[in-house]
Amino acid sequence: MGLLEAGPAGTLAILGAGNCNDVDLAGLAARFDAIALLDIDTKACRAAARRAGVEVAIHDVDLSGVLGRLTRWRRQPPGPDELRALPAAAVEAVRAAVPARFDVVLTSGVLSQLVWSAMETFAVTDPALRGVALGSVVAHLQVASSLLRPGGALVVVADTLARPPDFFRPFAEVDPLDLLVGLESRGLCLPGTELGVVSQALALSAVDVGLAGAWLWAVSPQRTHLVYALRARAPTAATG
Ligand SMILES: C[S@@+](CC[C@H](N)C(=O)[O-])C[C@H]1O[C@@H](n2cnc3c(N)ncnc32)[C@H](O)[C@@H]1O
């Protein structure tokens with residue numbers, strides 16, 4: 001992934017690594033001293049590492065802190081206190097499982113998955129949906145930041161809208177960032193993955209948050225994703 005070419009090497013954690021379809025794992029392994037893959041789907045991570053012929057550490061962790069709670073929340077949606085406590089609980093659980101800190105953390109394609117998990121639990125008309133979706137997003141971004149060494153670099157890649165390629169054809173000449181802003185203003189993007197929401201959520205635990213780009217990704221002949229990337233840094237001792 002070009003987003004990881006600039007900046008420091010050292011150690012890298014890939015969150016929601018799964019099949020690693022969106023990264024060149026062999027290329028990254030040649031550049032970084034050590035790589036850790038974090039995902040609930042460790043089978044996919046192991047297969048990806050095998051395909052790339054690289055040695056990586058693999059951790060089976062819930063990167064949102066939400067998964068173990070959804071069944072209970074379906075019966076009794078969380079109140080504001082429980083949602084407020086979620087990020088700290090998620091960070092504590094992940095840090096207990098993965099004590100290492102990394103020079104670079106990449107989270108790619110996870111935010112949409114977290115929102116989809118919330119949408120499978122709550123109807124779109126349920127007022128609990130937005131709270132749980134936002135709670136998951138904030139918790140995940142705080143987990144990602146907590147895995148960084150002070151000053152380390154964080155890259156967040158968010159797929160915010162998935163549609164058949166025909167949907168995007170009329171916008172072929174439109175800059176993807178303008179397209180993103182336009183489609184967001186029409187309420188079409190996945191709730192909780194909007195650029196402004198994620199930027200602000202990220203700024204709760206990281207500094208120097210900035211847009212690194214937006215683009216269309218033809219995931220398959222049937223599906224194109226509108227994607228954007230943010231860069232940020234963990235606070236140093238002096239700034240944090
Ligand atoms: C859309 S896939 C992207 C996978 C990978 N980046 C790729 O391109 O092959 C999202 C990944 O996030 C993982 N995931 C979803 N929710 C998770 C959670 N709560 N904790 C950890 N991993 C999660 C899934 O298992 C899946 O591998």
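Predicted model: local features only at pLDDT ≥ 70, side-chain atom pairs only at ≥ 80, totals over all residues.
**View 1. The protein chain as a whole comprises 9 helices and 7 strands.** The radius of gyration of the protein chain is 17 Å, close to the 18 Å that the globule rule gives for 240 residues, so the chain is as compact as a globular protein of that length. Its C-alpha trace spans about 45 × 45 × 40 Å along the principal axes. Of the 240 residues, 39% count as buried. When contacts between residues at least 6 apart in sequence are considered, 71% of them join residues at least 24 apart.

**View 2. The shell around the ligand consists of 20 residues.** The closest of these residues are Gly16, Gly18, Asn21, Asp41 and Gly109. By residue class, the shell divides into 8 nonpolar, 8 polar and 4 charged residues. Helix α5 (residues 110–121) supplies the largest share of the shell, namely 3 residues.

**View 3. An open sheet is formed by 7 strands in the order β3-β2-β1-β4-β5-β7-β6.** The pairing within this sheet is mixed. On average, and with direction ignored, neighbouring strands are turned by 15° against each other.

**View 4. Strand β1 (residues 11–15) pairs with strand β4 (residues 102–108) and is also joined to β2.** The pairing of β1 with β4 is in the parallel sense and extends over 4 bridges. Within it, Leu15 has Thr107 of β4 as its bridge partner. Strands β1 and β2 likewise run parallel, and 5 bridges join them. Here Ala13 stands opposite Ala36 in β2. Strand β2 (residues 34–39) is mostly covered, with 5 of its 6 residues buried.

**View 5. Strand β7 (residues 223–233) is joined to β5 and to β6.** The strands β5 and β7 run antiparallel and are joined by 10 bridges. Asp159 stands opposite Val227 in β7. The strands β6 and β7 also run antiparallel, again with 10 bridges between them. Leu211 is found opposite Leu230 of β7. A hairpin connects β6 to β7 through 2 residues.

**View 6. Asp24 is located in the loop between β1 and α1 (25–31).** Is this residue, Asp24, buried or partly exposed? Asp24 is partly exposed, because 14 other C-beta atoms lie within 10 Å, whereas a buried residue would require 20 or more and an exposed one 12 or fewer. Asp24 and Leu230 are 206 residues apart along the chain, and their C-alpha atoms are separated by 19 Å. Leu230 is the residue of β7 that stands opposite Leu211.

Terms used: Residues numbered from 1 in each chain as written. Near = placed C-beta within 6 Å. Nonpolar A, V, L, I, M, F, W, Y, C, P; charged D, E, K, R; others polar. Pairing = 2+ DSSP bridges. Axes fitted to C-alpha atoms, helices over the stretch in contact; angles between N-to-C directions. Rg over C-alpha atoms; globule rule 2.2 N^0.38 Å. Contact = placed C-beta atoms within 7 Å.
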